[in-house]
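Colleague: Could we go through the pockets in this model together, and then turn to one of the chains?

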Amino acid sequence: MSQVKRPAAPTTPPPTRFKSPPVFAWLLIVTFLALFLQGVVATEISVERLLRGAVNLVHFIGRAFPPDPTDINTIGWAMLETMNIAVVGVTVGVLLSIPFALLSARNTTPWPWVRVMSRLMIAAMRTVPDLIWALIFVVAVGLGPMAGVLAIIMDTIGFAARFFSERIEEVHPGPSDALTATGAGRLSVIGGAILPETLASMTATSLYSVEKSIRSAVTLGLVGAGGVGVELAAAMRLFNYDEALMIILVILVVVIGFEQLSSAIRKRVI
Amino acid sequence: MTAIQVQDLHKSFDSLHVLRGIDFEIAQGECVILLGANGCGKSTLMRCLNGLERPDRGNAYMHGTDIATADARQLCQLRRQVGVVFQQFNLVQNLSVFQNVLYGAMGEQRFGLLATLSPLANDALRERAMYCLERVSLADKAKHKCREISGGQQQRVAIARTLMQEPSVLIADEPVASLDPSAGRNVMNLLMAIVEEQRMTVLCSLHQLELASEYGDRLIGMKAGRIELDASRDTVDHQRMASLYQGDVRVDHVPTTHHERPVTASV
Ligand SMILES: Nc1ncnc2c1ncn2[C@@H]1O[C@H](COP(=O)(O)OP(=O)(O)OP(=O)(O)O)[C@@H](O)[C@H]1O
Ligand SMILES: [Mg+2]
């Protein structure tokens, strides 16, 4: 091989080998440690209390076995109501997420201030937990499944609209430019070039929302928003632990079934 | 009659002054090849000509309408007259070839998308789209997804889409830059044949000088956001074209001082 020629020294020196960690990182570590230690003290975690908890748990399990299937009919209907809440809530939620996402994506929003507004709304829907939405709607529309449906809608929009709009912003601008160049209107361009490219990802997100919503629909009943959670709360409060266990088993079976089904569909779509 | 008339056109992106006063005219039915190095502003100029970018200063008349001042409705009217072929084809990858060709009629149809979706479009439109696909010899690929066909074929689909649009002006931005030489030549021949049939006015940018010296009536050369050369094709020799690629050609030019520093030490 011929000789490799090199300049004697570069005019720009190479970057330094080590960077000192930024002050911000130190601050973060110290704050975290302080909070952690204070938390351990404040929550009074002690071996004695843990042991007592374990004993109580054994006691609960002892009284819960065998599960009591006498009320299986009521439980079944309540479970169906939970599924109704989840399916109706998530469907409406996903459908509403699409306009929200279009308004809050940089490349489809009509005006920047609309984008800011709708992003704020989505953020509000996401940051308020579903149980709190349920509490609010129980006050607004009364006890029962309707409050649950409304809570699920809010929760779904907060989650799905954000993912949809991120996906929409990632869409390559070329095809939209090409359709705009034919003289097409804005809505036609969005529907013709942008939505088709996001469909697969939106379907996956929607199916994930379904899984999420069935789980939250169960817990929503605990605050009176309809479904099997109402039964579970009642059984626990009346110390009918064997009935409670039965309800928990039914929930387990249904939720797992739902998740399996949805992830099977999701795999086929992607 | 003039089809395109550009007067003192300026365009900046933030602090980057891309178009620095462009003037030219293109007569109806004329075929003009636009040359220039990477980053000299060709694409920006072409995007200004159909309103995908708004010029900051100056005028660009397309069939007498000034794009710089046109309102949204006029802009749609005007874009219908201007077909665009892009370097990156810009097909909707998830949809079928046939659907993409149908989209060419989106501007002319009153109901836009609804009238051009394959299941909803009327028979006349669907037949016209199929005819356009036949013209680019891709009728057999109609049902394929766009991502399943090769680059050369995708560009032919894009040409079919433009044919579907029935424009009177064609703007082609490096239509063959991402194709291999033989596919590139095929696409170029097809494009020029269609342009001739439809008597379109053409502005087409190219990077290959051999191609530039074969097609079109006139050459326009750009350098760093200005027009450096504007002459009938026969009067321009290879040397003159090559000079467009030398010196300060880019608009975002960084000084080229030490990239050819003499090598001193050896190992
Ligand atoms: N939307 C934009 N925002 C900011 N800068 C842009 C934008 N579009 C183009 N530019 C800049 O303008 C300059 C000219 O770009 P342009 O695409 O017009 O060049 P070109 O002549 O088409 O080059 P090429 O031959 O590589 O396609 C480049 O420096 C580019 O970075
Ligand atoms: Mg370009």
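Modeller: This is a predicted model. The second largest pocket has a volume of about 370 Å³.

Colleague: Which residues lie nearest the centre of the second largest pocket?

Modeller: Its lining comprises 17 residues, and those nearest the centre are Ser176(A), Asp177(A), Thr180(A), Arg186(A) and Val189(A). At least two lining residues come from each of H7 and helix H8 (186-220) of chain A and helix H2 (72-80) of chain B.

Colleague: And what is the make-up of that lining by class?

Modeller: Eight residues are nonpolar, five are polar and four are charged.

Colleague: How much space lies in the largest pocket?

Modeller: About 580 Å³. It is lined by 32 residues, and Ser43(B), Thr44(B), Arg47(B), Gln87(B) and Asp173(B) are the closest to its centre. Two or more lining residues come from each of helix H7 (173-180) of chain A and, in chain B, strand S2 (16-27), helix H1 (42-49) and strand S7 (169-173).

Colleague: Which element gives the largest share of that lining?

Modeller: H1(B), with five residues. By class, the lining has 12 nonpolar, 12 polar and eight charged residues.

Colleague: Changing topic: how many helices and strands does chain A have?

Modeller: Chain A has 10 helices and one strand.

Colleague: Why is chain A described as more spread out than a compact globule?

Modeller: Its radius of gyration is 27 Å, whereas the globule rule gives 18 Å for 270 residues, so the chain is more spread out than a compact globule. Its C-alpha atoms fill a box of roughly 85 × 60 × 45 Å along the principal axes.

Colleague: What percentage of its residues are buried?

Modeller: Buried residues account for 39% of the 270 in chain A.

Technical notes:
Residues numbered from 1 in each chain as written. Chains lettered and ligands numbered in written order. Predicted model: local features only at pLDDT ≥ 70, side-chain atom pairs only at ≥ 80, totals over all residues. Heavy atoms only, no water. 1 Å grid on protein atoms, 1.4 Å probe; cavity = no way out; pocket = protein on both sides within 12 Å on 5 of 7 lines; lining within 4 Å. Points joined across faces, edges and corners; volume = space filled by probe spheres on them. Helix = DSSP H or I, 4+ residues; strand = E, 2+ residues; numbered from the N terminus. Nonpolar A, V, L, I, M, F, W, Y, C, P; charged D, E, K, R; others polar. Rg over C-alpha atoms; globule rule 2.2 N^0.38 Å. Buried < 20%, exposed > 50% of the residue type's maximum accessible area, 1.4 Å probe, protein only.
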